[in-house]
Amino acid sequence: MAGFGAKTGLAPDQPCPCGGASYGCCCRPLHRQEQAAATAEQLMRSRYSAFALAEIDHLLRTQPSAQPTRERRRALEASCRQLRWRRLEILAIEAGGPDDLHGTVTFAAHYSAGGEAGVLRECSRFGREAGRPDGAWLYLEALELSD
């Protein structure tokens, strides 16, 4: 399967990097702020696609941080240039539904960098903005995976 890497402007009828439907029906509406993520998994998928497509604004918008935005932007841009995202596997989901305030998504994100293949395995924790069910989902942190 061809990988994705720092491509902006993916056509809406192209397959979504996250493995969902077409990009126009899957992550694009979230990247363009036309729709909010209904679940933690949907936000996680949109963030994976944002890394694959260098949609930096979406990444900044969906992760609170005390670090200055300019520094975060530079780091994200460098990451998007260095890694080519190949495939996403959702391994487990705990809570994170439309009526939940918190949830976790465990995933494996396959990538290549400098000709070498790798896999990022992570359990991501998500929460609702301001702890409200109608608040936007946000990426909060990566939790340590137990072996």
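**View 1. Aromatic pairs in the predicted model.** Searching the whole structure gives four aromatic pairs (rings of Phe, Tyr and Trp, the last by its six-membered ring, with centres within 6.5 Å; planes under 30 degrees apart are stacked, over 60 edge-to-face, the rest tilted). The ring centres of Tyr48 and Trp85 are 5.8 Å apart and the planes meet at 70 degrees, so this pair is edge-to-face. Tyr48 belongs to helix 2 and Trp85 to strand 1, so the pair links parts 37 residues apart in sequence. Tyr48 and Trp85 are both buried (under 20% relative accessible area with a 1.4 Å probe, protein chains only; over 50% is exposed, in between partly exposed). One aromatic cluster is made up of Tyr48, Phe51, Trp85 and Tyr111. This is a predicted model, in which local features need pLDDT of at least 70 and side-chain atom pairs count only at pLDDT 80 or more, while totals for chains, interfaces and linings use all residues. Residues are numbered from 1 along each chain as its sequence is written, and side-chain values use heavy atoms, without hydrogens and water.

**View 2. Phe126 and Tyr139.** With centres 5.7 Å apart and planes at 70 degrees, the rings of Phe126 and Tyr139 are edge-to-face, so they are classed like that by the angle of the planes. Phe126 is in strand 3 and Tyr139 in strand 4, so the pair connects parts 13 residues apart in sequence. Phe126 and Tyr139 are buried.

View 3. The open sheet has the strand order 1-2-3-4 and antiparallel pairing (strands are DSSP E runs of at least two residues and helices H or I runs of at least four, numbered from the N terminus; two strands pair if DSSP finds at least two bridges between them). Strand 1 and strand 4 (137-143) are at the edges with a single partner strand each, so one side of each has no neighbour in the sheet. From one strand to the next, the twist averages 30 degrees (axes are lines fitted to C-alpha atoms, for helices over the stretch in contact, with angles from 0 to 180 degrees between N-to-C directions). Helix 2 (residues 40-53) lies across strands 1, 2, 3 and 4, at about 165 degrees to strand 1 (contact: heavy atoms within 4.5 Å).

**View 4. Strand 2 and its partners.** Nine of the 12 residues of strand 2 (residues 102-113) are buried, so the rest of the structure largely encloses this strand. Strand 1 (residues 84-95) is joined to strand 2 by 10 bridges, with Arg84 opposite Ser112. Strand 2 pairs with strand 3 (residues 116-128) over 12 bridges. In the turn of this hairpin, Gly114 has a positive phi of about 60 degrees.
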